[in-house]
Amino acid sequence: MSKTDDIRWVAQVTLFGDKSAFDKLTCKYQSSIRRFFLNLTMGDAPLSDDLAQETFIKAYMNLNSFKGMAGFSTWLYRIAYNVYYDSARSQKHYADIDEYEIDRQHQTQNEFSAEKMDIYKALKLLRKEEQTAVLLFYMEDKTHVEIAKIMDCPLGTVKTYILKGKEKLSNYLTNAGYGKDK
Amino acid sequence: MQVMEKINNDDLLLKSFFNENKEKIADNGFSKQVLKQIPETPNYEWVVWLFAAIGVAISLLLGYSSGLFAMALTYLRQIPFYYLVGIVFCFPLMAMLAVCSQQNCRFKIA
C-alpha cells in the first residue's frame with residue numbers, strides 16, 4: 001500500500017463521501033498512531049485509544065484541507081500531535097495527582113513487560129517536545145523535515161530536541177546496562 | 001572524531017532500543033469503532049437536481065419564446081422519413097453498447 005493509495009482513498013472520501021475508503025486509511029495507520037499515543041501517554045492504553053479515535057475523526061472532518069503537499073501520514077501525525085497537546089493542556093489540573101500511583105495502576109492494567117517499563121522510564125527523562133521528536137524519529141521513522149512539519153517548528157529546533165533527547169536516553173540506557181551484551 | 005563516533009554509537013543504540021520496543025498494535029475493532037463515531041455528512045444531492053430542473057425550465061422557456069423549437073420542428077420535417085426511422089432504431093443499439101461498456105468497467109474494477 002503506497003502513497004498513491006492514500007491519495008486515491010482521500011479523493012474517494014472527499015469526492016464521494018466513501019466511508020469504506022476512510023476505513024482503509026484507518027486500518028493502515030491505526031497501529032502507528034495508537035503506538036505513538038501509547039508511548040506519549042506512558043502506556044495508558046484507554047487514553048491513547050481515545051486520543052487516536054479523536055485524531056481519526058478530526059482527520060475525517062478536515063480531509064478537505066489535506067492538500068497532498070506532505071504525505072498523508074505526516075498530515076495525520078500533525079493532527080495527532082495537536083490532539084495530544086490539547087489533551088495535555090486540558091488535563092494540566094491533574095498534574096498534582098500522585099504520578100507513582102498512576103504508574104502503578106497502569107502497570108497492573110496493561111501487564112507491561114520489563115522492557116516496556118524501561119522505554120517509559122527512559123521517555124520520562126525527556127521534555128514533552130523531546131519525547132515527541134525522539135519517538136517520531138526513532139520509533140516512527142520520520143525524517144527531520146517531516147518532524148518539523150508535524151511539530152510546526154523550525155528544522156534546527158527539531159534537531160536540537162532530537163540531539164538532547166538522544167544524549168539523555170543514551171546516558172540512561174548505558175547506565176542501565178542496555179546493549180552491553182550485544 | 002571521538003565526538004562523531006559517540007554520536008553514531010548513540011544513534012545505533014537508540015535505533016536498536018526503539019526497534020526492540022516497536023510493536024504492531026492489532027486493530028481489535030478499533031477502525032470499526034472509528035467508523036461508528038464518524039458523523040453523518042449532510043447530503044446535498046438535492047441541490048444538483050434543483051439546479052438541473054431550473055436549467056431545464058429556463059432552456060425550455062428560452063427555446064419556446066425565441067422560436068427555436070418551431071425552427072427545429074421545421075428542420076426535422078425536412079429530413080426524409082427513413083432517416084428518422086434509422087435514428088430511432090439506432091437508440092437501442094447505442095444504449096446496449098453503453099450498458100455493455102459500463103458492465104465491462106465494473107468487472108475490471110472488481
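Against which helices of chain A do the buried residues of H4(A) pack? In this predicted model, they pack against helix H1 (3-16), helix H2 (19-40), helix H3 (45-61), helix H7 (128-139) and helix H8 (144-151) of chain A. The residues concerned are A:Phe72, A:Trp75, A:Leu76, A:Tyr77, A:Ile79, A:Ala80, A:Val83 and A:Tyr84. Helix H4 of chain A itself covers residues 72-90, 19 residues in total. From first C-alpha to last it reaches 27 Å, close to the 27 Å expected at 1.5 Å a residue.

The setting of this helix is a chain with nine helices and zero strands. Of the 182 residues in chain A, 36% are buried. Among contacts in chain A with a separation of 6 or more, 63% link residues 24 or more positions apart.

Chain A has a mean pLDDT of 83, with 83% of its residues at 70 or more. Over residues 104-112 of chain A, however, the pLDDT is below 50, and beyond near neighbours in sequence this stretch has seven contacts in the model. Where pLDDT is low, predicted coordinates should not be read in detail.

The contact between the chains takes 25 residues from chain A and 22 residues from chain B. On the side of chain B that touches chain A, helix H1 (2-20) and helix H2 (30-37) of chain B each supply at least two residues. H1(B) gives the most to this side, with eight residues.

Terms used. Residues are numbered from 1 along each chain as its sequence is written. Chains are lettered from A and ligands numbered from 1 in the order in which they are written. This is a predicted model: local features need pLDDT of at least 70, side-chain atom pairs count only at pLDDT 80 or more; totals for chains, interfaces and linings use all residues. Two residues are in contact if their C-beta atoms, placed from the backbone, lie within 7 Å. Helices (H or I, at least four residues) and strands (E, at least two) are DSSP runs, numbered from the N terminus. The expected span of a helix is 1.5 Å times one less than its number of residues. A residue is buried if 20 or more other C-beta atoms lie within 10 Å of its own, exposed if 12 or fewer, and partly exposed in between; C-beta atoms are placed from the backbone. pLDDT is the predictor's confidence in each residue, from 0 to 100.
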